[in-house]
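I wanted to get to know a structure that was new to me, and I kept these notes as I looked things up.

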Amino acid sequence: MINLILLGLPGAGKGTASERIVDKYHLTHISTGDMFREAMANKTKVGLEAKSYIDKGNLVPDEVTAKLVEERLSQPDIKEGYILDGFPRTTVQAELLEGITKRLKKPLTNVIALEVDEETLIKRLSARYMCKNCGATYNKISKQPKVEGTCDRCGGHEFYQREDDKPEVVKNRLEVNEKMNAPLKDFYQKKGLLTVINGKQTPEKVFEDIDAVLSNNQ
Ligand code: AP5
Ligand code: MG
Ligand code: ZN
């Protein structure tokens, strides 16, 4: 059983790595960012609350986020294992998650941190764009669709840039997340769960390193 947290600053490649991990290990991918974006698109109560934080690059309050994660982890499809992508992001959330995994009896098995320098993160985020129809992620520099202007996954032709990838928001997002990064890694280092991986390598090599950690665990 694998129950994994992927840590990493904005643009570190959590979403990109998650896709490959899901393909091989069939874990359920839980991205709090994706969940918030869906809630915002549907204009739910949580979505409307989250929008005021996300559009400025700030964190959604810990309790709101933790509640969303607990509800998601309570669903029946989690029994094969999960990847948490983008949660926890603060040590308060890490502590709340301890309670959640105990209550639900789904203990963490691994925490993997993807390390990427700030200059590379800024480049990646400013070059990222998304399919309007299915949300697939592309990059003007490192990942164009196979057929220009056509989404590999759904065939869609419309793309957009995430509101929080605009340059004025990216700066604050990185600052906010950087503050919490070292304490979070410490938290899991102390528990003996942490592996740090160089996220600056190609996506294939990043996955190879992750795979080496996870395949030890089965
Ligand atoms: P979220 O959507 O999680 O954003 P994030 O953490 O800022 O991370 P990203 O999704 O931007 O990056 P990623 O690491 O997934 O990188 P990706 O694979 O796309 O959260 C959004 C917001 O929601 C937060 O700012 C916050 O407001 C709120 N929120 C979410 N969780 C929260 C929480 N727990 N608490 C409070 N608030 C929360 O890759 C980036 C780009 O680089 C892509 O274009 C990709 O193609 C490319 N790329 C990826 N890997 C490589 C590589 N190895 N080489 C070259 N290019 C690469
Ligand atoms: Mg992501
Ligand atoms: Zn698509």
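Before using the record, I noted that UniProt positions are given in the numbering used here, that feature names are shortened, and that annotations may be inferred rather than shown by experiment. This is a predicted model, in which local features need pLDDT of at least 70 and side-chain atom pairs count only at pLDDT 80 or more, while totals for chains, interfaces and linings use all residues. Residues are numbered from 1 along each chain as its sequence is written, chains are lettered from A and ligands numbered from 1 in the order in which they are written, and side-chain values use heavy atoms, with hydrogens and water left out.

**Binding site**

I looked up the "binding site" feature, which UniProt, in an unreviewed entry, places at G11, A12, G13, K14, G15, T16, R128, T137, Y138 and Q201. Of these residues, K14 is included in the lining of the largest cavity; on a 1 Å grid over the protein atoms alone, a cavity is a set of points where a 1.4 Å probe fits but cannot get out, and lining residues have an atom within 4 Å of a point.

I then placed two of the listed residues, using helices (H or I, at least four residues) and strands (E, at least two) as DSSP runs numbered from the N terminus. G15 belongs to helix α1, residues 14-25, and R128 to strand β5, residues 128-131. For burial I took under 20% relative accessible area as buried, over 50% as exposed and anything in between as partly exposed, with a 1.4 Å probe and protein chains only. G15 is partly exposed because its relative accessible area is 34%, whereas R128 counts as buried because its value is 15%.

Which residues is R128 in contact with, leaving aside its neighbours within four places in sequence? With contact meaning heavy atoms within 4.5 Å, I found T137, Y138, N139, Q161, R162, D165 and R173.

**Rings and charges**

I searched the whole structure for aromatic pairs and found 4, where rings of Phe, Tyr and Trp (its six-membered ring) pair if their centres lie within 6.5 Å, and planes under 30 degrees apart count as stacked, over 60 as edge-to-face and the rest as tilted. F187 and Y188 form an edge-to-face pair, at 4.9 Å centre to centre and 75° between the planes. F187 is buried because its relative accessible area is 14%, and Y188 is buried because its value is 1%. Ring pairs also link Y129, Y138 and F159 into a cluster.

I checked next for charges over rings, which requires NZ of Lys or CZ of Arg within 6 Å of the ring centre and within 35 degrees of the ring normal. The charged end of K143 sits over the ring of Y138, 5.2 Å from its centre, and K191 lies over the face of F187, at 5.0 Å from the ring centre.

**Backbone**

H26 has a phi of about 55°, lies in the loop between α1 and β2 (28-31), and is exposed because its relative accessible area is 57%. K105 has a phi near 55°, is found in the loop between α5 and β4 (110-115), and is exposed because its value is 71%.

Conventions
1 Å grid on protein atoms, 1.4 Å probe; cavity = no way out; pocket = protein on both sides within 12 Å on 5 of 7 lines; lining within 4 Å.
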